[in-house]
Amino acid sequence: MRKDPSPHLRNASRWPSQLALFYTQYSSFVRDSDRCQLIICSQGMSFPPEERERLRLRGLLPPGHLDMDLQKQRLMEEYLRPLAMVPPEDSRLGGVTSEMARRWALLQALQDRNETLFYSILTQHFVEMAPIIYTPTVGWVCANYHKLYRRPRGMYFSSEDRGNMAAMAYNWPQDDVHAIVVTDGSRILGLGDLGVNGLGIPIGKLDLYCAAGGFSPSHVLPVVVDVGTDNEALRQDPLYAGLRSSRLTGPDYYRVMDEFVAAVMSRWPRAVLQFEDFSSQHAASLLERYRHHHCVFNDDIQGTAATALAGLYGALRVMGKPYSELAEQRVVVVGAGSAGMGVVQLVAAAMEKHGLSPSEAASRFWMLDRKGLITTRRPGLQPHVRGFARVEQSEDGQSLLEVVERVHPTMLVGLSGAGGIFTEQVVRTLDRHCSHQRPVIFPMSNPTASMECTAEQALTWTEGRAIFAGGSPQPPVRLPGGGEPRPVAQANNMYLFPGIALGAFIGRTGIINEDMLMTVAEALPNMISEEGLRQGLVYPRLEDIRAISARIALELCVTAHRSGHLNGPAREALAADGGGVGGFSSSRGVGEGEKSLLNFIVRSMFWPEYKSLVLLPRGVGE
């Protein structure tokens, strides 16, 4: 087994090229697999496959081959037209502006030359910079990633690597990876199939893991699995760095994914593996394929579901109602894809927890897709959809307005990606029939252009009665009657996914199950301040994201302990008071064991601070 280098020399493949001289001079301290990464700086993506294999660069560069002429072309296009890639105000990109693109480029340059400073600034200015690092700006980044590419960041596995992935995993120079985020580029935000360009999503996601969840940037790994692309424009672009074949499907696709999961989980068995932006065709089946054997989760399905459930509990808190009132709600969900069905299944499970039978819980939902209301009359329904289809078959295909007029729902959730589908007539009808409580409206699609309605529309049409949370950031709303602008909650998965991953890794839970997700969803609304509740906010302040992530990690670990899934030092910390965790309630604080575990979690988090790289013997220089 190879020895780890000195801690301050680990993950050297991510060092900026300015450190190459220092790195080479001290190469005797570093293993050969690290040293060869510097060779990338000499030729970039021009290395032919045989040289990549010999130099152990396979997987560290995109599958495509760009010779020097193409590399010159890419540079000269930017040199001669420096604003060519800065977007116009494209609605598909969620309102990304030229200024947002400029700030992204500035932050990326900082990350390349001084990673510690980058994360320190991102942590301090998280609310302001998260939209630059991730959504919505990351959509523009992925659309142009083949033009923006500067240096290796992350790993590339492809369908042409079959039979070699286990060996390729060892080309990554870090032996201790804590979190992996992977995409196949098939459904990047609202932009669709972007192939290998989708790597921008795992990169941005893991930046949030580090800033919000306290993961060390030296111990995270962004990955794209390139199985081809059906995006003809990308395939014809000479600068595109991925495979130029059609997207792989069927059993061959799953064989590639099986080999990838086996390769990375074999080398890093304790890592949390998150699936991100997979198409509805594969997202749910991949999650089910691995969730019972590995510590994996899908943020688009499970993270969105837990965030939605947390928001619904938050809405009940705003109305002064107990969580048990969730079982009394009538919920219309527009969008029956993987995200929509994930929300329905978790909210239904929560209703069962509050006393309903499975059939009673299913009866509280009305689901619509692009064809209208889904009933059991609809042919070809997947089993997980059929379980929530309505039995009144004569109503199949009924419009959203007809459903709202007939059902009188109390909660309206949108995950359709169909911008503007919550029309004024729909919202006013919903409000008119909510006589015993305020209407709850969650248009959770993003980017902004895909939201089912805006905060201003929902609050104006209900004269301020709506309890609102949107999938994209919304400015405060000033109602026609005057008064202070009302802040708007965002149903943002980053409230939960950093803490979920942190708790699963620190707790060595091995799996992330439904009970853990329900627990963190219950815990999040308890962090809303009294002022936030008065303002109608269903989520806590995002400025407190690090504290939120630590507490979410604690809640997940406590739940894991109850089911026998908590292991390692976290379990020892929880047992510090010599007792169990019975009666633990996040609404009343934590016991001594939980305090010990919370302290352990906080101490384990990465804090971006400068540290000495040269350790002096005791007494020297003191």
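## Strands β10 and β11

Strand β10 (residues 440-443) runs parallel to strand β11 (residues 467-470), and two bridges join them. Two strands count as paired if DSSP finds at least two bridges between them. Helices (H or I, at least four residues) and strands (E, at least two) are DSSP runs, numbered from the N terminus. At the residue level, I441 has F468 of β11 as its bridge partner.

This is a predicted model, where local features need pLDDT of at least 70 and side-chain atom pairs pLDDT 80 or more, while totals for chains, interfaces and linings use all residues. Residues are numbered from 1 along each chain as its sequence is written, and side-chain values use heavy atoms, leaving out hydrogens and water.

## The sheet and its helices

Stepping back, β10 and β11 belong to an open sheet of seven strands with mixed pairing, in the order β8-β7-β6-β9-β10-β11-β12. At its edges are β8 (372-373) and β12 (489-490), each pairing on one side only.

Now look at the helices. Helix α16 lies across β9 (411-414), β10 and β11, at about 155° to β10. Helix α20 (residues 400-407) packs on the sheet too, touching β6, β7 (365-369), β8 and β9, and its direction makes about 170° with that of β7. Contact here means heavy atoms within 4.5 Å; axes are lines fitted to C-alpha atoms, for helices over the stretch in contact, with angles from 0 to 180 degrees between N-to-C directions.

## Aromatic pairs

The whole structure holds 13 aromatic pairs. Rings of Phe, Tyr and Trp (its six-membered ring) pair if their centres lie within 6.5 Å; planes under 30 degrees apart are stacked, over 60 edge-to-face, and the rest tilted. W104 and W140 are edge-to-face, 5.9 Å centre to centre with 90° between the planes. Because W104 lies in helix α6 (residues 98-113) and W140 in helix α9 (residues 137-143), this pair ties together parts 36 residues apart in sequence. W104 is buried at 11% relative accessibility, and W140 is buried at 4%. Buried means under 20% relative accessible area, exposed over 50%, and partly exposed in between (1.4 Å probe, protein chains only).

Y313 and Y323, by contrast, are stacked, at 4.1 Å and 25°. Y313 sits in helix α16 (residues 299-318) and Y323 in the loop between α16 and β6 (331-334). Both Y313 and Y323 are buried.

## A cluster and two charges

Y209, F215, F497 and F505 make up one aromatic cluster. Over the ring of F497 sits the charged end of K205, 4.0 Å from the ring centre. Likewise, the charged end of R546 sits over the ring of W607, 4.4 Å from its centre. The criterion is NZ of Lys or CZ of Arg within 6 Å of the ring centre and within 35 degrees of the ring normal.
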